[in-house]
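Let's take a walk through this structure together. We'll start with a pair of helices and then move on to a pocket.

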Amino acid sequence: MPFEQAPPTLGNQFEDDRVLRSYLARVCPAEMLNEITPSLVEMGRLAGGELYQLQLADRLNEPRLTQWDAWGNRIDRIELTPLWRVAEQIAVEHGVVATAYERKHGALSRVHQCALAYLFTPSTDIYSCPLAMTDGAARTLLASGNQELIERAVPHLITREPTEFWTAGQWMTELTGGSDVGLSETVAKQEPGADSHEFRLYGRKWFTSAISSQIALTLARPEGNPAGGRGLALFYIETRDDEGRPRNIEIDRLKDKLGTRKVPTGELTLNGTPARLVMGTTDGVRNITPLLNITRLWNGISAVALMRRGLALAFDYAGKRVAFGSTLAEKALHVDTLLGLQAEFEGAFHLAFYVAELTGRSEAGEIDERDASLLRLLTPVMKLTTAKQAVSVASEVLESFGGAGFVEDTGLPVLLRDSQVLPIWEGTTNVLALDTLRALGADVSLEPLRSLTTKLFESVRDTRLNELVKIANSALSHAENWVKDAQATSRSDLEAGARRFALTLGRTIELALLIRHAQWSLAHENDHQAVASAQRLTKLGVDLI
Ligand SMILES: Cc1cc2nc3c(=O)[nH]c(=O)nc-3n(C[C@H](O)[C@H](O)[C@H](O)COP(=O)(O)OP(=O)(O)OC[C@H]3O[C@@H](n4cnc5c(N)ncnc54)[C@H](O)[C@@H]3O)c2cc1C
């Protein structure tokens with residue numbers, strides 16, 4: 001018989017996921033778990049089955065921009081690929097955004113929604129991008145108190161009816177800067193006699209993802225406002241008229257990108273685009289924060305989702321690929337390598353879903369002041385830490401396939417390319433490390449993290465885990481001492497070390513959450529795997545200061 005290599009395959013992505021199932025069993029009341037399980041089984045089936053097959057078949061397709069029709073009219077039409085059209089339908093019908101707003105399970109509805117997003121994302125070539133912005137726009141409009149816009153747009157953003165569904169874009173980045181948006185040059189002008197909320201926008205937006213969206217939230221400076229972030233206002237735009245023509249928006253071109261190639265990311269010229277103020281004529285950067293918090297949560301959930309997909313394929317392949325007389329699954333070094341990646345994934349998983357829990361409690365009005373400051377701090381910490389892990393895990397996953405991992409039609413390289421965007425958009429690692437310092441306040445206090453870890457460690461009984469508790473406590477103390485010293489020394493010392501500091505906080509809290517879960521899993525499932533992952537995470541490095 002000629003040699004035949006069996007490719008990696010996927011099963012039901014919910015049923016095969018020990019980490020997700022064990023986590024949900026711990027955090028969800030039994031009745032809720034019974035109610036939500038069918039939705040997760042179904043999403044896991046689609047993600048490992050027909051959606052995954054469609055993703056493989058759609059590999060070479062990309063969105064297309066047609067700027068002119070045959071008669072010389074500017075139309076700027078975007079055509080999405082078949083995968084994205086199906087993904088949208090599935091996302092809407094299965095409530096991948098709606099679940100968080102229907103709130104059938106109170107604050108834990110956010111966890112249910114994130115579990116759906118986590119299963120759905122890796123088979124969709126980042127359809128999570130428009131969903132994240134749609135979710136973020138719904139949250140921002142609801143927080144704005146602008147009743148007119150809430151009634152007009154939010155029902156479309158959170159519907160389960162595909163024909164009613166709208167996606168939202170988030171147009172912030174300009175040529176002058178994506179991190180320093182205070183430099184934005186887009187101007188908002190009012191025409192004589194216009195309603196006080198109605199403006200027209202003039203300027204260029206340099207990165208606008210999922211440009212097929214029906215609405216967008218954007219920043220612009222009303223004429224006469226001061227320079228800087230405070231002088232910008234938050235605006236709501238409906239992108240197309242009733243005939244589907246862009247409203248004084250020209251899509252200059254689509255970006256030619258390393259990854260996220262299914263996402264149509266446009267460069268735009270706004271040439272008198274009608275826009276409505278969302279709230280106030282200033283403080284746009286502050287007012288768009290609810291959107292950024294949600295998209296950063298989605299970024300973390302996408303990071304763990306892509307890691308999980310890579311590992312599901314890599315573990316499966318290890319059982320099929322033979323080298324030097326046995327499968328890779330029987331090679332101690334190969335297994336050790338994969339289990340290291342598994343530990344990174346499990347730490348990241350617990351951090352991302354913990355932020356989902358806090359987000360859900362905040363949205364349901366069930367969060368106290370201490371946990372609200374924890375959410376403020378952990379959102380940037382979680383986003384930056386999990387994004388970095390996703391890139392390094394994806395790189396190792398490709399290597400675990402040898403040469404096949406570098407070959408496009410295996411469908412593997414896209415995992416690395418798509419992961420690489422996670423540390424860049426929604427705030428780069430450095431920008432979020434500086435945001436972490438801001439979240440600590442003037443006295444750079446780590447007290448909210450200290451009280452979190454104390455609470456997490458209360459239940460720990462296992463002697464192996466007690467050893468790990470010491471490592472986490474020592475990393476936190478080191479971070480605490482470092483930040484106080486650096487602040488006392490100079491602003492420049494503080495900023496220079498901010499990335500190592502923020503990553504140390506991220507990895508320490510990942511370890512702490514994993515320890516707590518490992519103790520629960522031992523007690524309730526008699527499962528030692530989470531203990532092993534926590535041990536490995538400490539070997540891979542927690543304190544990076
Ligand atoms: C695929 C893709 C899609 C995108 N989609 C959107 C979108 O839909 N809407 C949108 O608004 N934007 C979008 N962006 C833009 C993205 O948010 C920005 O690229 C990002 O915020 C960084 O901004 P920048 O490119 O201007 O880089 P810069 O701000 O110029 O940053 C360059 C480098 O400087 C570092 N840096 C910046 N400030 C500091 C500092 N104070 N201290 C230390 N280091 C610093 C950064 O970490 C980075 O490494 C998208 C980007 C990509 C790649």
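Which residues in α18 meet which residues in α19? On the α18 side they are Arg-507, Glu-510, Leu-511, Leu-514, His-517, Ala-518 and Leu-522, and on the α19 side Ala-530, Val-531, Ser-533, Ala-534, Leu-537, Thr-538 and Leu-540; contact here means heavy atoms within 4.5 Å. Sorted by class, this contact has 9 nonpolar, 3 polar and 2 charged residues (Ala, Val, Leu, Ile, Met, Phe, Trp, Tyr, Cys and Pro count as nonpolar, Asp, Glu, Lys and Arg as charged, and the others, Gly among them, as polar).

A quick word on the source: this is a predicted model, where local features need pLDDT of at least 70 and side-chain atom pairs count only at pLDDT 80 or more, while totals for chains, interfaces and linings use all residues. Residues are numbered from 1 along each chain as its sequence is written, and side-chain values use heavy atoms, leaving out hydrogens and water.

Back to our pair: α18 spans residues 498-525 and α19 residues 529-540, and they pack at about 160° with axes 8 Å apart. (Helices are DSSP runs of H or I, at least four residues, and strands runs of E, at least two, numbered from the N terminus; axes are lines fitted to C-alpha atoms, for helices over the stretch in contact, with angles running from 0 to 180 degrees between N-to-C directions.) The two are therefore roughly antiparallel, a label for angles over 145 degrees.

Now for the lining of the largest pocket: it divides into 19 nonpolar, 21 polar and 9 charged residues. Helix α10 gives the most to that lining, with 8 residues.

How values were computed
Angles under 35 degrees count as roughly parallel, over 145 as roughly antiparallel, 65 to 115 as roughly perpendicular and the rest as oblique.
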